[in-house]
Amino acid sequence: MVKFSKELEAQLIPEWKDAFVNYWQLKKHVKRIRLSRQQPHLNHDLRRSLLDPIRLISAKLFSTSKTNDTDDGQIIKVGSKSIEDTPDHEVELHQTELLQLFSEEDEVRAFFERLDEELSKVNQFYKTKESEFLERGETLNQQLQILKDLKQVIDGDRRRNLDIFSRSLSISRQNSDLSESTPGLHDSSPEISQAEEVIAALERNGVKFMNSTPTTAPSGAKRKKAGKTKVAMRIDIPATTPTRTISAVTSMLWEDLINNPMKQDPAAGNFINRKKIECAEKMIRTAFVELYRGLELLKTYSSLNMVAFTKILKKFDKVSKQQASASYLKSVKRSHFLSSDKVVRLMDEVECIFTKHFANNDRKRAMKFLRPQQQKDSHMVTFFSGLFTGVFVSLFGIYIVMAHLSGIFSPTTETAYMEAVYPVFSVFALLSLHLFLYGCNLLMWKNTRINYNFIFEFAPNTALKYRDAFLICTTLLTSVVGALVVHLLLSAAAFPPTHVDTIPGILLLVFITLLVCPFDILYRSTRYCFLRIVRNIICSPLYKVLMVDFFMADQLTSQIPLLRHLESTTCYFLSGSFKTHQYSTCKNGQLYRQLVYVISFSPYYWRALQCARRWFDESDLNHLANMGKYVSAMVAAGARLTYATQSNSLWFGIVLVTSVVATIYQLYWDFVKDWGLLNPNSKNPWLRDELILKKKSIYFISIALNVVLRVAWIESIMRFQINPVQSHLLDFFLASLEVIRRGHWNFYRLENEHLNNVGKFRAVKTVPLPFRETDSD
């Protein structure tokens, strides 16, 4: 049977951990009571009776009278009082009075004092979150009503235009002469403009307008006399796509540089359009989903705390041999976090609203959005992971033996083999290593209760789990090593080299096809999520930067050797070098040498643009400082590439200076900004106040390891005298070290992000709302 403390730790909401009842601290108080009962009390009671017999007798009599006076023979009396924290906010404090004398009076009093504090804390947090969600619900209802009014305006305007157009076609031929003779005939029944209808609809829902004329004006003439209508409301659609970003930037420049008349008169242009309304509807729908998720979390918070209070009071009764739990539990059940039904009623309301407006009255479809089901762990995934691991080890052993017997690394064959096979299989090896480390990170994040799905904004029903990552890794490695073995077998069987050397290209083409495969097989949601993130990175800064976007961009900065191998492989097959075995085309060409710089700069360039976009969105100068880190890394990478072709003392000095500056910059940012460590004023010296790992030494070891792996660039200026095969193997080893460093960095980066969310009790994503009021136009 699992202990409740373990069960509570597994079920509590990680971001709200500090707001839960501290069950473990209360257990320590109960343990002190048990220990005090186990100690001999004879001498202690005798000394108390000799020194203060009157106090002992009076306490006994007082306890007896209190017991007789109470209706149910109560042992404790729980009361509460409200203290005004702020003018508009009161804090309810619970106070427990002991009605009977305990032999462990000090320990019992300390236990109930701590229990009262925990109950007050739970109540206060629940009230705060409840009021926050209720306010959010009211705001969403207003937003939804505005959305409905705007959709009605658009639909009515479209129908009216169609009616007018159809009438004009039918009447224009019959009454053409009459129209010419009475030109003011069509002006006798004026139509209300679209902007005026918007104003009238929104004013009914409490949206105020600046200098707007009354909606009950009898004619359009009075509106014109009152002056131009200035709407103090705008539709804010986040610039999350390139189209919206370009439109927002051009609109801002147009309004600032040229006095745009649309800014002053909304009726002068298209005040609203269907595309904006669709985006607003999507935002409101997402906000309702997040609100429902927050309400579910608050409901779970209430039930778990109730069970925790029940369990700890039962432990107290068992240790103290008294029945105090019944009286205290009555007070707990009367507390706000249990007695209030506002959360449940709001959940029912959200379900009804979502079913009606976003699911076409299909409750089953609505609940798929509101309560997405998480995938169950499959034993088949574990089985195939183990199977492919065994096959990979066996095939790799076979490959080593065959490579030794065939002498593929001999001076006569090393060039062809290393140029044809090494780049492709290095790509798969580095990718597999990265996937393996990502699986290890997923496992560690799960065991340490780091909510990575919330941080990355992954859907819980399609998010990749650590078993899935290991399965993909082992499948990839098994396929690659199998292809290596087949390549050696065909080479030994005297097949034409032209045909044999196409195997790496075929393997690469197969995996690219599987990556973009549109069928719902082989983790399609994960594949498409990866492609979408890569698209956002490449198109930086046109897309809004999310956590998962810049996290993946950081991974790419550690996979520059992989990108360069992809470049050489693409050149190798597109130029037909696998047929002629002429490698000078891809090695000595000017275009190729220029592309090396482009490939090496691209990850840092994308990451720098992401920092610029985040600074533009958030106006935080830290993002500009972070951009400087990637610019310095770009300069250092360019200097090392130039030094590889121009070996002289000048470039050696440039490489040394730029690399040292970039490394110090990166180390500072790793430890202080990304990991949140090296804080001298922390309660954990030179670490941070909150640590997830229990052993502090692990953090210091990680700091040292990160420093060592960051200075691996020293090899590029050492100029070891080794043969080409050893050079390729050394490059692969250093690239693997960088991938290992990145996998090691990932854990602490997400740990720090998780602790920041915990410090702000941020367990639900904040969705921006499309309609907001402004103080002026």
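View 1. Asp-341 counts as partly exposed because its relative accessibility is 41% (buried means under 20% relative accessible area, exposed over 50%, partly exposed in between, with a 1.4 Å probe and protein chains only). Arg-345, at 48%, is partly exposed too. The two form a salt bridge, with their closest N and O atoms 3.4 Å apart (that is, a side-chain nitrogen of Lys or Arg within 4 Å of a carboxyl oxygen of Asp or Glu). This is a predicted model, where local features need pLDDT of at least 70 and side-chain atom pairs count only at pLDDT 80 or more, while totals for chains, interfaces and linings use all residues. Residues are numbered from 1 along each chain as its sequence is written, and side-chain values use heavy atoms, leaving out hydrogens and water.

View 2. Glu-618 and Arg-614 sit about one helical turn apart because they are 4 residues apart in helix α28 (helices are DSSP runs of H or I, at least four residues, numbered from the N terminus). Arg-613 is buried at 7%, whereas Asp-617 is partly exposed at 36%.

**View 3. His-434 in helix α18.** His-434 lies in this helix, which covers residues 422–447, and is buried at 12% relative accessibility. What does the side chain of His-434 make a polar contact with? Its partner is the side chain of Gln-559, at 2.8 Å (a polar contact is a pair of N or O atoms within 3.5 Å; within protein, one must be able to donate a hydrogen and the other to accept it, and residues adjacent in sequence count only if both atoms are side-chain atoms).

Key: Helices (H or I, at least four residues) and strands (E, at least two) are DSSP runs, numbered from the N terminus.
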